[in-house]
Every structure is written in C-alpha cells, then in structure tokens.
Amino acid sequence: MVDIAARFNEIRDSLPDEVRLVVASKSRSVEEIRQVVEAGARIIGENYTYPEAVRKYEELGDLTDEIRWELIGHLQKNDINKALPIFDRLQTVESVSKARHIDKRVEKAGRETVPALIEVNSGQEENKYGIDPDEESLKEIIDGLKDLSHLKLEGLMTMGPYSGDPEDARPYFKVTRELFEVGKDYVKGEGSMEVLSMGMSNSYEVAVEEGANMVRIGTGIFGPR
Ligand SMILES: *Cc1c(COP(=O)(O)O)cnc(C)c1O
C-alpha cells in the first residue's frame, strides 16, 4: 500500500516555499483524500464537477472547511451551477463566452466573486481546451474578462502534451511563462496575474524551473490510477 502521507510530505518538502501544491484527486476515494488532508494537504484539485466532486464534497463533511477546492478539469456549461458552491477557484476558463456564463451565475450561488485562471492549450492539442498560446489570444480573453464583475482573473494554467520525458514539457511551460509575464503587464489592475499553475507528477520539477508557482500532483502522491 502507498504511504500517502509520506509521499505528500516528501513532495511538499521538496518544493520551494512559494510553490503551492494542489493534490489532484480525480478517481481517488474519500478515504484517500481524508488521509492526504490529515497529512497536511490544504488544496484539493478535482476534474469532474458532477457527480464526482459533488459527491466527495458532501461525503467529506466538516473536513471540506479545512480545504481549498480547485477545479482543474474542464467545466461544462451544464455544471456551472453545481461547481460554484464547491470550488474556491476555477482553473480552466478557456473562453470569454464560458466566462460570461459563469459570471451570470455567481450571485445566484451566493457569492460575490469567483477567482479564475485562464487555461492555455500550450501544445495546441485538438483534444485539449484552452486559448492558443499567443499574445493576441491572451489579450483578447483578458479584455473580455474585464467587463465581468464577478469572475476575478488570477492567473494562468496549462497542461501541455503528455510525454514520458519531462524535458519534452519544458517548451510548453516556457511559452506559458512568457504569456504569464505578458499578462502581468496587460491586466493593469483589472484582475491580476499571480498564479501560474503548471506541472504534474512527472513534470513538476521542470515546471518549477520554468516559473510555476502552483503544481498539480496526483499519482506521485496516491500511486498509479
Ligand atoms: C490528473 C491531473 C493532474 C495530475 O496528474 P498526475 O500525473 O496524476 O500527477 C494534474 N492536472 C490535471 C489537469 C489533471 O487532470
């Protein structure tokens, strides 16, 4: 059996202080999440709002108050109303139109604002969501988000193409980091560019070298899915 607490601590201790660790818990049981939270994890990332995240949120009961929940998987329009009461931040906003749909529903969910990251499809993969990794696309979505009073921009997120060799991910992290810097200059007080979420179990060290200040790790903590 995997010692979840030991693995969590080892990874957390290896990260620089300014890098946040999101525990990616898709397909993991409530019991496994309980273990990692008891080991000190405070940020949980879920991929599927309904039914998975909703069910886990309910089953974790009081423990949810200790945790920040981040949506790291694609948000379907139909799931927005279910996501808003659960997630402290949505990391996967990929278009102005999706952002508008979210913005319209924030107040109804009893919230003032919802923090969000823009997802960048850094590898321009057909099966992934996100804006194209160029300045024009970034500026266009930032401009669109400026009109929205409830959705609060906080940074960028990317996955990048999967490969067995973490070095293959470096160019995609680099390009996302460059956009992050462009975004910092461009937001000008309407939202912010503080969070750069990139890197998974096999690539987080490279991601941190390229400027990530948030990494998302699943199998490295829980073992293979
Ligand atoms: C599953 C997932 C992760 C974590 O991947 P591992 O390889 O299990 O560490 C990170 N980010 C996203 C968006 C994911 O879906």
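R55 and E59 are four residues apart in helix α3, so about one helical turn separates them. Their side chains meet in a salt bridge, with 3.4 Å from N to O; the term stands for a side-chain nitrogen of Lys or Arg within 4 Å of a carboxyl oxygen of Asp or Glu. R55 counts as partly exposed at 38% relative accessibility, and E59 is partly exposed as well, with a relative accessible area of 43%. Buried means under 20% relative accessible area, exposed over 50%, and partly exposed in between (1.4 Å probe, protein chains only). Helices (H or I, at least four residues) and strands (E, at least two) are DSSP runs numbered from the N terminus.

This is a predicted model, in which local features need pLDDT of at least 70 and side-chain atom pairs count only at pLDDT 80 or more, while totals for chains, interfaces and linings use all residues. Residues are numbered from 1 along each chain as its sequence is written, and side-chain values use heavy atoms, with hydrogens and water left out.

## Other salt bridges

The structure holds 20 salt bridges. In one of them R89 pairs with E154, the closest N and O atoms being 2.6 Å apart. R89 lies in strand β4 (residues 89-93) and E154 in strand β6 (residues 151-158), so the pair ties together parts that are 65 residues apart in sequence. Both R89 and E154 are buried. R89 and E154 also belong to a network of salt bridges that links them with R68, E70 and K152.

A further salt bridge joins the side chains of E94 and K98, at 3.1 Å from N to O. E94 and K98 are both buried.

## Helix α2

Helix α2 spans residues 30-38, and its buried residues are V30, I33, V36 and V37. They lie on the same side of α2 because they cover an arc of only 125° around the axis, the arc being that of the directions from the helix axis to the C-beta atoms.

These buried residues pack against α1 (4-14), β1 (20-24), β2 (43-46), α3 (49-60) and α9 (219-222). Contact here means heavy atoms within 4.5 Å. α2 is followed by G40, whose phi is positive, near 120°.

The largest pocket has a volume of about 650 Å³. Of the 27 residues that line the largest pocket, K26, N47, I72, G73 and M159 are the closest to its centre. The elements that give two or more residues to this lining are α3 and β8 (214-217). The lining divides into ten nonpolar, eleven polar and six charged residues. Ala, Val, Leu, Ile, Met, Phe, Trp, Tyr, Cys and Pro count as nonpolar, Asp, Glu, Lys and Arg as charged, and the others, Gly among them, as polar. On a 1 Å grid over the protein atoms alone, a pocket is an open set of points where a 1.4 Å probe fits, with protein on both sides within 12 Å along at least five of seven lines; lining residues have an atom within 4 Å of a point. Grid points are joined across faces, edges and corners, and a volume is the space filled by probe spheres set on the points.

The second largest pocket has a volume of about 200 Å³. Its lining includes F8, R12, L15, R20 and G40, and the elements that give two or more residues to this lining are α1 and β1.

## N121

N121 is found in the loop between β5 (114-120) and α6 (135-146). At 6% relative accessibility, N121 counts as buried. Not counting residues up to four places away in sequence, N121 touches K128, Y129, G130, I131 and P133.
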